[in-house]
Amino acid sequence: MAHPLVCRFARAGLALEVASAPLGGPRARGMSDIVQLDIVRASRRTIDRFVLWPGHRDNRIEVEGIDRPLQQLVLLVHEPRRRFEVAVDARRQLAPGLRVVRQQGSQRIVEQFTAGSKRHFLCGMDEQHPFIARLPEPVSTVRAAHRALLDPRVTVAERGALDRTIRQGEWFFVALAPHRERVLDELLKHGALVRRSVGIAQAAGIRRVGRPHIADEVLVVAAETPGHPPAAYVRGAVRHPDHRTVVFHHFRQVIPNRESVDQPVPGVRWID
């Protein structure tokens, strides 16, 4: 008999494989009890699929909402706070606060802990590929998950815009109202720095995970209000291996969604 979660994912049109062993590999410790979720790319014989290691039998993993037409669902994960280790490339920059417990060849072994609180994830298909996004707040439906991920700054930036907002993965590209275009033109005339062929998050100093969205041109403007994040604008083509390339002939403000990425996501090994 199929695992209940496999059946729930199938109702959303998604393939789920329940792993026969922890996903952390032989160098990781403490992985057997924690929930682990990943995505496996298609091969000649298989399709893109989610893979799950449920961990300890007391862990709570439930599908709370399904949207079959969108092929998306909301997944709840709740487990006690537990210590575990992960192996990361020694060249990779670590998030602040992580402790390296030992070095093994070209890898560093890093100590992490599960959150001990409920976590909600939006899982599903976006264009042609699966994704996992940790939600910033608890929700039980896919529609509510989309609302939770939408940064209010998008709605504010859309005021007076003459074209519709375009989304590529976790980024929203908002057309500028005419008066905002004039302000940006003045900044460019006075030598504002435009970075070329660079990741949006890298250029804007925004912490994101996953492969970068590369833009032909990125302009970052300091916020007028102290303590507020800078505004980022892109022009030209924006490319990502999992999404259709989008092209903008005029600068657009780019705003990330509210996916929770401030801390490493314990047990989740792949995020777009």
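Predicted model: local features only at pLDDT ≥ 70, side-chain atom pairs only at ≥ 80, totals over all residues.
Colleague: What space lies in the second largest pocket, and which residues are closest to its centre?
Modeller: The space in the second largest pocket is about 690 Å³. Its lining has 21 residues. Closest to the centre are Arg180, Glu224, Ala231, Tyr233 and Gln253.

Colleague: How do the lining residues divide by type?
Modeller: Tyr counts as nonpolar in this scheme, and Gly as polar. On that basis the lining of the second largest pocket divides into 13 nonpolar, four polar and four charged.

Colleague: Is Tyr233 buried or exposed?
Modeller: Tyr233 is among the residues closest to the centre of the second largest pocket, and is found in strand 15. Its C-alpha is 9.0 Å from that of Val174, 59 residues apart along the chain. The cut-off for buried is under 20% relative accessible area. Tyr233 is at 9%, so it counts as buried.

Colleague: What is the span of helix 4 from its first C-alpha to its last?
Modeller: Helix 4 has 12 residues. At 1.5 Å a residue, 16 Å is expected. The model comes close to that, with 17 Å.

Colleague: How do the rings of Phe173 and Phe248 pair: stacked, edge-to-face or tilted?
Modeller: The whole structure holds two aromatic pairs. In this one the ring centres are 5.1 Å apart and the planes stand at 40°. Planes under 30 degrees apart would be stacked, and over 60 edge-to-face. The pair is therefore tilted.

Colleague: How many residues apart in sequence are the parts tied together by Phe173 and Phe248?
Modeller: Phe173 is buried at 0% relative accessible area, and Phe248 is buried at 7%. Phe173 lies in strand 12 (residues 171-175) and Phe248 in strand 16. The pair ties together parts whose separation in sequence is 75 residues.

Colleague: Which ring does the charged end of Arg81 sit over?
Modeller: The distance from the charged end of Arg81 to the ring centre is 4.3 Å. The ring belongs to Phe113.

Colleague: Is Ser197 buried or exposed?
Modeller: Ser197 lies in strand 13 (residues 194-199). Its phi is positive, near 50°, in a residue other than glycine. Most residues other than glycine have a negative phi. At 57% relative accessibility, Ser197 counts as exposed.

Colleague: Where does Gln71 lie?
Modeller: Gln71 has a positive phi too, near 55°. At 31% relative accessibility, this residue counts as partly exposed. Gln71 lies in the loop between strand 4 (60-67) and strand 5 (72-78).

Colleague: What separates the C-alpha atoms of Asp38 and Arg49?
Modeller: Asp38 lies in strand 2 (residues 36-40). Asp38 is buried, with a relative accessible area of 13%. Arg49 is 11 residues apart from Asp38 along the chain. Their C-alpha atoms are separated by 8.6 Å.

How values were computed: Residues numbered from 1 in each chain as written. Heavy atoms only, no water. 1 Å grid on protein atoms, 1.4 Å probe; cavity = no way out; pocket = protein on both sides within 12 Å on 5 of 7 lines; lining within 4 Å. Points joined across faces, edges and corners; volume = space filled by probe spheres on them. Helix = DSSP H or I, 4+ residues; strand = E, 2+ residues; numbered from the N terminus. Expected span 1.5 Å × (residues − 1). Phe/Tyr/Trp six-rings, centres within 6.5 Å; stacked < 30°, edge-to-face > 60°. Buried < 20%, exposed > 50% of the residue type's maximum accessible area, 1.4 Å probe, protein only. Lys NZ or Arg CZ within 6 Å of the ring centre and 35° of its normal.
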